[in-house]
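Thanks for taking a look at this one with me. Below are a few notes on how some of its parts pack together, written for someone meeting the structure here.

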Amino acid sequence: MKLKKRCAALLCALSLLTAPALAAEETKEISFPDLTGEEWYAPAALELAQMGIMTGVEGGLFAADRPVTRATAVLVLWRLEGSPDAYVSQPFPDVEPWFETAAAWAKGKGIAKGNEHGQFGGRDLVTREQLAVFFYRYAQMKGETVGQGLLGRYPDGEDISDWATDAMAHAVAVGILQGNSQGELAPQGVADRAALAAMLHRLLIPAAG
């Protein structure tokens, strides 16, 4: 009987010791060795990492200049939705395990569509206007009001592809996409991880407010 009491007391003591440690682990801030915190995209990158929406790459780096792929684009939106289970009768045939569920979810929700061969092309790079289309379809899926931004006020507004015009107008209207240092939208430019983090963070601002 005494042995049982001693074991119970020991377990109680261990729980008291480990509980604060676990709580500290849960609230531990995430950092990246290639971020000083002074970069214009750093607050967005760090907050998204803390939320588990946008994580680092190999070596624990954030890799802000790395181009965004179609797989990454749908993966972060899928995580934003809470990483739900997904099923479609005809999934993309060319997916990889790390983005398979995200791609199926994106197809089922109408966010991602395949090419003429029905493939997803997860490793294809994403331009800024293509990224805007993903965000536009995501907003439609959520039932949000579609914005109508004025693209003519940007010097390269006419460079936007016809199929991306509505999406770019929405991205500009709600503040997701903003001009670069030259005041241009650069629709044909490949989006990098810094831009993706900034756009995701801006997307979260209205919901948080």
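1. Helices are DSSP runs of H or I with at least four residues, numbered from the N terminus.

2. A word on the source: this is a predicted model, in which local features need pLDDT of at least 70 and side-chain atom pairs count only at pLDDT 80 or more, while totals for chains, interfaces and linings use all residues. Residues are numbered from 1 along each chain as its sequence is written, and side-chain values use heavy atoms, leaving out hydrogens and water.

3. Which residues make the contact of H3 with H4 (contact means heavy atoms within 4.5 Å)? On the H3 side they are Val-74, Leu-75, Leu-77 and Trp-78, and on the H4 side Thr-101, Ala-102, Ala-103, Trp-105 and Ala-106. By class, this contact has 8 nonpolar, 1 polar and no charged residues. Ala, Val, Leu, Ile, Met, Phe, Trp, Tyr, Cys and Pro count as nonpolar, Asp, Glu, Lys and Arg as charged, and the others, Gly among them, as polar.

4. Now turn to H5 (residues 128–142), whose axis comes within 11 Å of that of H3 (residues 70–80), crossing at roughly 25 degrees. That makes H3 roughly parallel to H5. Arg-70, Ala-73, Val-74, Leu-77 and Leu-80 of H3 meet Leu-131, Phe-134, Phe-135 and Tyr-138 of H5. The residues here divide into 8 nonpolar, no polar and 1 charged.

5. How many residues of H3 are buried (under 20% relative accessible area, with a 1.4 Å probe and protein chains only; exposed is over 50%, partly exposed in between)? The count is 10 of the 11, so H3 is largely enclosed by the rest of the structure. Among them are Arg-70, Thr-72 and Trp-78. After H3 comes Gly-82, with a positive phi near 95 degrees.

6. Finally, visit Leu-125, in the loop between H4 (100–108) and H5. Leu-125 counts as partly exposed because its relative accessibility is 45%. Leu-125 and Arg-70 lie 55 residues apart in sequence, yet 6.2 Å apart in space, C-alpha to C-alpha. Beyond neighbours within four places in sequence, Leu-125 is in contact with Pro-67, Val-68, Thr-69, Gln-130 and Val-190.

Definitions and conventions: Axes are lines fitted to C-alpha atoms, for helices over the stretch in contact, and angles run from 0 to 180 degrees between N-to-C directions. Helices (H or I, at least four residues) and strands (E, at least two) are DSSP runs, numbered from the N terminus. Angles under 35 degrees count as roughly parallel, over 145 as roughly antiparallel, 65 to 115 as roughly perpendicular and the rest as oblique. Contact means heavy atoms within 4.5 Å.
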